[in-house]
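Here are my notes on the model, as numbered points. Please read them with the structure open.

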Amino acid sequence: TVLGLVDRMGFFGSAPKAENVAAMIPNSLLSTERIELAILGGFACGIMFIGVHAVFGKQAKAKGGRVAKVFTELQRKSFHMIGGCIICAAYHWGLKLGYLSSAFDPQAPKPDGSGPMDAGAAFISICFVSWMLEASRLMIPAVQKWYLSSFKGLIREKEVSKAAGIAYFLPGSLAAMLAGPPNLAILGILFLSIGDAAASIGTAGGVIPVGSFTRK
């Protein structure tokens, strides 16, 4: 029963143990080959978007209207997609090559302190660096000027005075790594990277409103 499953996973009286969750949802549920193919496919889509924007972007933006909006999102989301794939690739091949241990079920270090780095600790360090950069650019005009000139076209107007999406994307990716086995976590991050890009491009070129929302 559902209650029996929840009880075996340890939700009554204590937090669920990683090994219990791993037994219910094994990492082998998704093969390594499929995960690697998905990561490479995400890179290919992002690079293709960059190429399409490089070839047709100027003409599309000169034309204006819905087409210009689509190409603006195409440029922005191609880098978002590639960034998500870089996170997935670093996590996957870091584990495969022995440089990282799973954030979901980390290995204890050897008595001499050697062994793979905890992926959770590594990625939370990256999150802190990202937050420090965001805080710096919002508080220091010189850093803000450099940031906006370096990433022109990738920053939304509302992100000029607020934290950019990466400040939320990185902790979300870390949460996925901590919540489940590596292959499933990577799949979730890829869903977010590619699905968010598809949704934004669709919204930019949409003509049919959804329910009572003004976005299409």
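1. Start with Y168. Y168 is exposed, at 59% relative accessible area. Exposed means over 50%, buried means under 20%, and partly exposed lies in between, with a 1.4 Å probe and protein chains only. Y168 sits in helix α7. Helices (H or I, at least four residues) and strands (E, at least two) are DSSP runs, numbered from the N terminus. Y168 and C127 lie 41 residues apart in sequence, and their C-alpha atoms are 9.0 Å apart in space.

2. Basis of the model. This is a predicted model, in which local features need pLDDT of at least 70, side-chain atom pairs count only at pLDDT 80 or more, and totals for chains, interfaces and linings use all residues. Residues are numbered from 1 along each chain as its sequence is written, and side-chain values use heavy atoms, with hydrogens and water left out.

3. Confidence. pLDDT is the predictor's confidence in each residue, from 0 to 100. The protein chain has a mean pLDDT of 80, and 81% of its residues reach 70 or more. Residues 1-13 have pLDDT below 50; this stretch has 16 contacts in the model beyond near neighbours in sequence. Contact means heavy atoms within 4.5 Å.

4. Overall make-up. The protein chain has eight helices and two strands. From the N terminus on, the order is α-α-α-α-β-β-α-α-α-α. Of the 216 residues, 33% are buried. Take the contacts between residues at least 6 apart in sequence: 62% of them join residues at least 24 apart.

5. α5 against α7. Which way do α5 and α7 run relative to each other? They are roughly antiparallel. Helix α5 covers residues 119-139 and helix α7 covers residues 166-179; they pack at an angle of about 170°, with axes 9 Å apart. Axes are lines fitted to C-alpha atoms, for helices over the stretch in contact, and angles run from 0 to 180 degrees between N-to-C directions. Angles under 35 degrees count as roughly parallel, over 145 as roughly antiparallel, 65 to 115 as roughly perpendicular and the rest as oblique. α5 and α7 cross in a left-handed sense. A crossing is left-handed if the near helix is turned anticlockwise from the far one by less than a right angle, and right-handed if clockwise.

6. Who meets whom there. From α5 come G120, F123, I124, I126, C127, S130, W131 and E134; from α7 come I166, A167, L170, P171, L174 and M177. The contact of α5 with α7 has 11 nonpolar residues, two polar and one charged. Ala, Val, Leu, Ile, Met, Phe, Trp, Tyr, Cys and Pro count as nonpolar, Asp, Glu, Lys and Arg as charged, and the others, Gly among them, as polar.

7. L178, also in α7. L178 is found in helix α7. L178 counts as partly exposed, at 45% relative accessibility. Leaving aside neighbours within four places in sequence, L178 is in contact with A103 and F104. L178 and F104 are 74 residues apart in sequence, yet 4.5 Å apart C-alpha to C-alpha.

8. α5 against α6. Helix α6 spans residues 141-150; its axis and that of α5 come within 5 Å and cross at roughly 110°. α5 and α6 are therefore roughly perpendicular to each other. The crossing is left-handed. L133, E134, S136, R137, L138 and M139 of α5 meet P141, V143, Q144, W146 and Y147 of α6. By type, the residues of this contact are seven nonpolar, two polar and two charged.

9. α3 against α4. Helix α3 (residues 32-63) packs on α4 at about 155°, with axes 8 Å apart. That makes the two roughly antiparallel. α3 passes α4 in a left-handed crossing. The residues of this contact divide into 22 nonpolar, 10 polar and four charged.

10. Is H92 buried or exposed? H92 is buried, at 5% relative accessibility. H92 lies in helix α4 (residues 65-96). Beyond four places in sequence, H92 is in contact with T32, I35, E36, I39, N183 and I186. R76 is also found in α4. R76 is buried, at 8% relative accessible area. Not counting residues up to four places away, R76 touches G153, L154, I155 and R156. R76 and G153 are 77 residues apart in sequence and 6.8 Å apart in space, C-alpha to C-alpha.
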